[in-house]
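Let's take a walk through this model, one contact at a time. Have the sequence and the coordinates open as you read.

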Amino acid sequence: MSIDDKSKQDLEDFKSYIIAEKNFSEHTAKAYCSDILSFLVWMDGESCEEVNFQKVREYLHFIQKFNYKKTTIARKIASLRTFYKYLYRERRVETNPAINLNAPKRPKSLPKFLTPDEVEQILNNTKIETPAGYRNRTILELLWATGMRISELSGLNFGDLNLEHNEIRVFGKGSKERIILVTDRAKNFLERYIETARTLIPKGFPVPDTGEDSPVFINNTGYRLQTRTIRNVINDVVEKINLPKHVTPHVFRHSFATHLIENGADLRVVQELLGHASISNTQIYTHVSTQHLKEVYNEAHPRA
């Protein structure tokens with residue numbers, strides 16, 4: 001199967017558009033481009049600029065045979081809609097063949113979260129005897145204390161820190177800036193990491209300075225620590241303590257939000273701390289809290 005040159009160029013231009021103008025994350029941009037690439041391969045040499053609504057429907061019927069999850073189908077449809085919206089905006093197509101596509105309803109699932117005891121178990125089993133180990137513990141302390149996204153933590157620069165006031169500036173989805181708050185415990189770990197462990201992490205490589213644009217968290221070659229390393233840190237600890245849950249950095253974020261709600265935090269405050277554009281995204285944590293309340297009730301009440 002082949003892809004015509006015009007379609008290849010459209011895909012390259014689309015990739016630049018969603019990264020530079022739409023501010024898609026690297027992960028989302030990669031997924032969208034992969035979806036469009038699969039569509040172009042299926043087209044087998046036909047130009048994507050000559051597609052009509054019926055052709056798009058044929059493609060969606062074709063991918064049904066692979067038994068994708070509804071969430072995957074929904075993303076593939078979103079990719080096509082965004083791609084053709086871009087082509088229509090650029091006047092490369094006369095009509096948008098994907099404008100009337102309807103995505104399947106996504107199953108509603110409550111986010112998984114950790115209890116405070118489980119979080120402490122993970123934190124206490126993160127070895128801090130080495131500089132890298134101390135960095136890892138600091139990272140997990142910050143994830144639990146702030147609810148920030150893993151990409152936001154990886155992207156922290158020294159100019160974003162205002163530890164005197166227990167504040168950190170982060171840039172979330174769409175490069176939206178917000179201020180998050182840090183507990184004294186997490187701040188103390190961060191300060192000690194900066195003062196001692198950070199300079200010892202690079203092995204035979206220069207240590208980046210602490211200028212405003214310098215990364216806070218670095219790897220053993222002195223470059224910015226990547227999100228994959230942070231995921232591996234969590235996986236290693238969870239595997240070691242045999243915690244019967246699948247724990248990701250985002251589970252720390254869910255846990256942060258859930259326990260704020262359970263302890264009476266105002267929904268608007270939690271929305272601001274998480275950087276949610278809509279409060280409807282935050283309201284799901286009230287459902288998590290209610291579910292947890294029912295579980296505790298059923299376990300504790302003698303007639304439940």
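Asp13 is partly exposed, at 21% relative accessibility (partly exposed sits between buried, under 20% relative accessible area, and exposed, over 50%, with a 1.4 Å probe and protein chains only). Keep in mind that this is a predicted model, where local features need pLDDT of at least 70 and side-chain atom pairs count only at pLDDT 80 or more, while totals for chains, interfaces and linings use all residues. Residues are numbered from 1 along each chain as its sequence is written, and side-chain values use heavy atoms, leaving out hydrogens and water.

Asp13 pairs up with Arg92 in a salt bridge, with the closest N and O atoms 2.9 Å apart (a side-chain nitrogen of Lys or Arg within 4 Å of a carboxyl oxygen of Asp or Glu). Asp13 lies in helix α1 and Arg92 in the loop between α4 and α5, so the pair ties together parts 79 residues apart in sequence. Helices here are DSSP runs of H or I, at least four residues, numbered from the N terminus.

Now look at Glu120 and Arg185, whose side chains meet in another salt bridge at 3.1 Å, N to O. This pair links helix α5 to helix α8, 65 residues apart. Shared partners join Glu120, Arg137, Glu141 and Arg185 into one network.

How values were computed:
Helix = DSSP H or I, 4+ residues; strand = E, 2+ residues; numbered from the N terminus.
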